[in-house]
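Please look over the following structure with attention to the surroundings of its ligand and to one of its sheets. A short briefing follows.

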Amino acid sequence: MKVGIDAIGVSVPALCIDLEVLAKARGVAPSKYLDGIGTWRMGVAPIDEDTVTLAARAAQMAMTSAGAKPDEIGMLVVGTETGVDHSKPVSSFVQGLLGIGSRCRVFETKHACYGGTAALMMALDWIRSGSANGRKALVVCSDIARYGLKTPGEPTQGAGAVALLVSENPRLLELDPSRTGQFAADVHDFWRPLYSKDAFVDGHYSVQCYLDAISGAYKHFRELAPGVTADDFAALAYHVPYGKMARKAHRQLRSIDGDAAPDASFDAQVSASLALPAQVGNIYTGSLYLALASLLSTSTRDLDGQRIGLFSYGSGSCAEFFEGHVVAGAQARVQALQLQALLDARRKLTIEDYEAIMRAREATDEKTMETVAGDGFRFLGVDAHKRTYAGPSA
Ligand code: HMG
């Protein structure tokens, strides 16, 4: 049975900040953020946007793109590390906002940035096992990445969601869950204690943990796929906390094959997957899948039938290297989503407005918001300890 990703949806907040503006305000050379980190712009979530609203918009785009009906969904999973409740999953809010039926498994997965990949693998196995009985899975990766003002992690924040409709006979990417290399280790590279809205990170150690994980996962993959080397991939998409990390990942991966000049293949194999992430920043669980959407929508090469490699990393840690085959017509389908136009429509913030939003988010969970601008899915506030949302037509 062929299984994989049938459609993709992406959402980003309506606000962003140029990293050149942030660098100047922090007294840092802009080239450090633009070239050294490899990100130009990052998404900033206004206070009526949260993991739920981002997830709902991405999911709606994926469903519309595939022409899927709510009652075709038999599994709805949201992978997130920035959930909104200790008990009620983000996926239940999404179920309500999208009108997904009651004959459905609805839950949330968490393992830092790897949570969405865990859900994707589970969805593939659910379909392949026959338990899905012809139904589809909706896997949504949604997060708001926050390290706080004036921290080293500040230029590596971001916000966004990517939804993956997973089905038999997929129209974007065929995946083989029996050939995926894994690596896990109990490390304290990045974490967010229950009492904190901002993540804590041992930044340079986290980079090393990521590199150890890609080595472990890729070596495992090579054992499962004897004879396959990095040269066999038309493109590679990595987890992108920031663009430079993808370059480091690529060097590490190719060095395992014995490649002494790994940068030579970077533009051909990786650059297209970084075009959108460089304008959004880290979106944690959705980061790898935004790289995939970027590859399919911006690559100038014909990828029909081509093998691509994907690497997912979640701090803590768990990682997976797996392969997919691009289905004929996939690039046109993703291009039709006009993702660059979605990014271009965002409003650029001044440093003062960005800092004001960052501070205001600290208090949003405890009060009901007085006014809410705009249309679409949005967070209205907390009433009697219950979070409330509005849909597009409310
Ligand atoms: P830092 O100490 O501010 O920066 O932290 P740096 O001194 O390491 O410099 C960064 C790069 O800029 C270096 O390049 C410099 O040489 C270069 P590299 O040596 O790495 O190739 N540089 C310049 N380039 C051009 N012009 C200049 C200039 N100055 C310096 N003038 C760090 C950087 C990424 C550590 C920090 O931002 C951070 O802690 N970020 C958060 C952690 C992170 O993203 N870790 C990534 C791996 S872990 C992961 O991916 C999981 C995660 O997504 C969470 C999850 O799983 O949920 C984070």
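**Ligand contacts**

In this predicted model, a polar side-chain atom of Lys 32 lies 2.9 Å from an oxygen atom of the ligand, a polar contact being a pair of N or O atoms within 3.5 Å. Taken alone the ligand exposes 1,100 Å², of which the protein buries 75%, with accessible areas from the Shrake-Rupley method and a 1.4 Å probe. Local features need pLDDT of at least 70 and side-chain atom pairs count only at pLDDT 80 or more, whereas totals for chains, interfaces and linings use all residues. Residues are numbered from 1 along each chain as its sequence is written, and side-chain values use heavy atoms, with hydrogens and water left out.

- A polar side-chain atom of His 239 is placed 2.9 Å from an oxygen atom of the ligand.
- The backbone contributes through Cys 113, a polar backbone atom of which is 3.1 Å from a ligand oxygen atom.

*Shell around the ligand*

- The ligand is surrounded by 28 residues, each with a heavy atom within 4 Å of it, and the closest are Glu 81, Cys 113, His 204, Lys 244 and Lys 248.
- Helix H6 (203-224) is among the elements that each supply at least two shell residues, and H6 gives the most, with 5 residues; helices are DSSP runs (H or I) of at least four residues, and strands (E) of at least two.

*Sheet*

- An open sheet of 3 strands runs in the order S3-S2-S14 with mixed pairing, where strands pair if DSSP finds at least two bridges between them.
- Strand S2 (residues 15-18) pairs with S14 in the parallel sense over 2 bridges, and Cys 16 has Lys 348 in S14 as its bridge partner.

Conventions
Polar contact = N/O pair within 3.5 Å; in protein donor to acceptor, adjacent residues only side chain to side chain.
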